[in-house]
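I opened this entry to keep a record of what I looked up in the structure.

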Amino acid sequence: MKHFIITYRIKHDDSYQGRYDAFIKRIKALSPDAFWNETSSFYALRTEQSAQEICRSLCHDTGFDCTKDSVVVLDTSNHEMATSGAIQDLARLKACVGFR
């Protein structure tokens with residue numbers, strides 16, 4: 001099992017609740033018995049998937065809107081990162097996280 005951190009922002013608008021509910025349901029399905037989410041917009045979990053697979057699933061299997069929502073998936077086991085959506089400063093994120 002690999003370890004992941006998922007952080008996200010779902011833009012608050014008229015379709016927020018539906019996108020949020022579908023996104024959270026998908027995250028919990030990735031690791032039904034092994035996730036932590038005691039802080040806002042953050043999940044830590046274990047799964048066999050890759051960061052890219054998780055990111056793709058969260059973006060395509062939910063109401064995620066790449067024009068206004070954002071997600072960052074960090075594979076802390078392999079030091080890899082996947083992102084999607086409205087990331088404003090990807091270069092800074094990469095520099096601060098230090099993952100490829």
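**Strand pairing**

I looked up strand S4 (residues 70-75) and strand S5 (residues 80-85) and found them antiparallel, joined by six bridges. Two strands count as paired if DSSP finds at least two bridges between them. Helices (H or I, at least four residues) and strands (E, at least two) are DSSP runs, numbered from the N terminus. Ser 70 has Gly 85 in S5 as its bridge partner. The hairpin of S4 and S5 has four residues between the strands, and His 79 there takes a positive phi near 55°.

**Basis of the entries**

I note that this is a predicted model, in which local features need pLDDT of at least 70 and side-chain atom pairs count only at pLDDT 80 or more, while totals for chains, interfaces and linings use all residues. Residues are numbered from 1 along each chain as its sequence is written, and side-chain values use heavy atoms, with hydrogens and water left out.

**Helix H2**

I went through helix H2 (residues 51-60) and listed Ala 51, Ile 54, Cys 55, Ser 57, Leu 58 and Cys 59 as buried. Buried means under 20% relative accessible area, exposed over 50%, and partly exposed in between (1.4 Å probe, protein chains only). The cover over the buried residues of H2 includes strand S1 (2-9), helix H1 (16-30), strand S3 (42-47), S4 and S5.

I then asked which residues Ser 57 touches, not counting those up to four places away in sequence. They are Arg 26 and Thr 62, a contact being heavy atoms within 4.5 Å. Ser 57 counts as buried because its relative accessibility is 8%.

**Whole chain**

I read the pattern along the sequence as β-α-β-β-α-β-β-α, with three helices and five strands in the protein. The radius of gyration is 13 Å, close to the 13 Å that the globule rule gives for 100 residues, so the protein is as compact as a globular protein of that length. The radius is taken over C-alpha atoms, and the rule is 2.2 Å times the number of residues to the power 0.38. Along the principal axes the C-alpha trace spans about 35 × 35 × 25 Å.

I noted that buried residues make up 35% of the 100 residues. Of the contacts with a separation of 6 or more, 52% are between residues 24 or more positions apart.
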